[in-house]
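Here is a friendly tour of the model you have open.

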Amino acid sequence: MDVSIKEDSLRSEALDVVVQLLFELDEKRELDDFYDRICEAVCLQTSMERAVLFLYDAERRLVLPAGSHGVYREIIAHGYGSLEETPIAQRALAEDRVVETSDFASDVPARYRNLPGITKLTCTPVAAAGRWLGVIFADRDGEHFDLTDGERSTMHALGRTAALASHVREVTRQLERSHRLSERIDLAREVHERVTQRLFGVSMALGSDRPLADDDRERCVAEIEAALGDLREALIGSVGSSLMELQDGGLRAELERLGRQYKMLPLVVDWREGVDVPESLEPLAVSVLNEALRNAEKHANPAEVRVTIGERDEAFVLEVRNDGLPPAGEARAGGSRMGLRLASYEALQRGGMLEYGREEDRWRVRLVLPSS
């Protein structure tokens, strides 16, 4: 009887925590902090002592850490994975339940099988409405344990709460993109009307049979320059960034992470001495770097992929070359490289340029951006 009352009390406390976390979704706070709170709740409401929440990053096509409790951030900052290499996550998501394992040789990626101080691990699905968004790993700081039904129920509810938060973030992003698109359409309509009026006046003047007076010629030149200015304003003003969010550490940290991710790529980094990446340029540089390495892995078989970070004429330069292209005329089927096309547009908006294509027997991606 006492055991039943205690379990009911624990369930009530867990429900209070879930409700409180759901209310926090409406508060002005960072979602990353919210994910930390989810992990903290896992540990406070169960016998777990350490927890890490991983979410799928569609831009990087990887599962990356989003929150933690009881674990040094330095340890998990460079963690990553995929569903294919993590059978325990596959089972937790497919069966929609909390899974436990001590069989690390079969259930976790090889690079994490020998982590010290872990004897048993739980995996909680972060999923809702049939959408698999991530997982929460937790343990009891190296001690053996057996979860109770109440603990499984609590962890499962917290996983659902994390899924809701992730969905809220995605909906917010979609609304922001929709708002930017609406702004672009309004701007395009306004610019179209201004440019049309200017060019119509110029065409009327140039279509006249009589010779143009000097004043009319100067007025036509001024109107054309003003029209070009309107078009330039439209290009710069339509910035709706499609760039991925930066992880801690910027471009240097991303290079280290990508080196671990693409272990099959012979990556060589040449970061020129004294070169710093302006903070405003890092998102674009990181996006281009990701696309270049992803394409190298997918479409080439290189003996070397060289990444060079340097400066030239007061401009930041990022260059990625791989030597894995087949001879000209035997080109391997590739993708549309839509990511690089979008990045080219971003580079133009910032007064720079992005070049990519074959250069003799190599494929080169080169980003040049004004440093100031």
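Let's begin with a strand pair: β8 (residues 315-322) and β10 (residues 362-370) run antiparallel to each other, joined over eight bridges. Within this pair, V317 sits opposite V368 of β10. Please bear in mind that this is a predicted model.

**The sheet around β8 and β10**

- This open sheet has five strands, in the order β6-β7-β8-β10-β9, and its pairing is mixed.
- At the edges are β6 (267-271) and β9 (353-359), each of which pairs on one side only.
- From one strand to the next, the twist averages 15°.
- As a reminder, the strands of a sheet pair through backbone hydrogen bonds, in either a parallel or an antiparallel way.

**Helices lying across that sheet**

- Helix α8 (residues 250-261) lies across β6, β7 (305-312) and β8, and runs at about 165° to β6.
- Helix α9 (residues 282-299) lies across β6, β7, β8, β9 and β10, with a direction at about 10° to β8.

**The antiparallel sheet**

- Another open sheet is built from five strands in the order β2-β1-β5-β4-β3, with antiparallel pairing.
- Its edge strands are β2 (62-69) and β3 (99-101), and each pairs on one side only.
- Neighbouring strands here are turned by 25° against each other on average, if direction is ignored.
- Strand β3 pairs with β4 (residues 121-128) in the antiparallel sense, over three bridges.

**A closer look at P87**

- Where does P87 sit? Its place is in helix α4, which spans residues 87-95.
- Is P87 buried, partly exposed or exposed? P87 counts as partly exposed because its relative accessible area is 25%, which falls between the cut-offs of under 20% for buried and over 50% for exposed.
- Which residues does P87 contact, once neighbours within four places in sequence are set aside? The partners are S106, D107 and V108.
- The C-alpha atoms of P87 and P109 are separated by 8.6 Å, with the two residues 22 apart along the chain.

Methods. Residues are numbered from 1 along each chain as its sequence is written. This is a predicted model: local features need pLDDT of at least 70, side-chain atom pairs count only at pLDDT 80 or more; totals for chains, interfaces and linings use all residues. Side-chain values use heavy atoms; hydrogens and water are left out. Helices (H or I, at least four residues) and strands (E, at least two) are DSSP runs, numbered from the N terminus. Buried means under 20% relative accessible area, exposed over 50%, partly exposed in between (1.4 Å probe, protein chains only). Contact means heavy atoms within 4.5 Å. Two strands pair if DSSP finds at least two bridges between them. Axes are lines fitted to C-alpha atoms, for helices over the stretch in contact, and angles run from 0 to 180 degrees between N-to-C directions.
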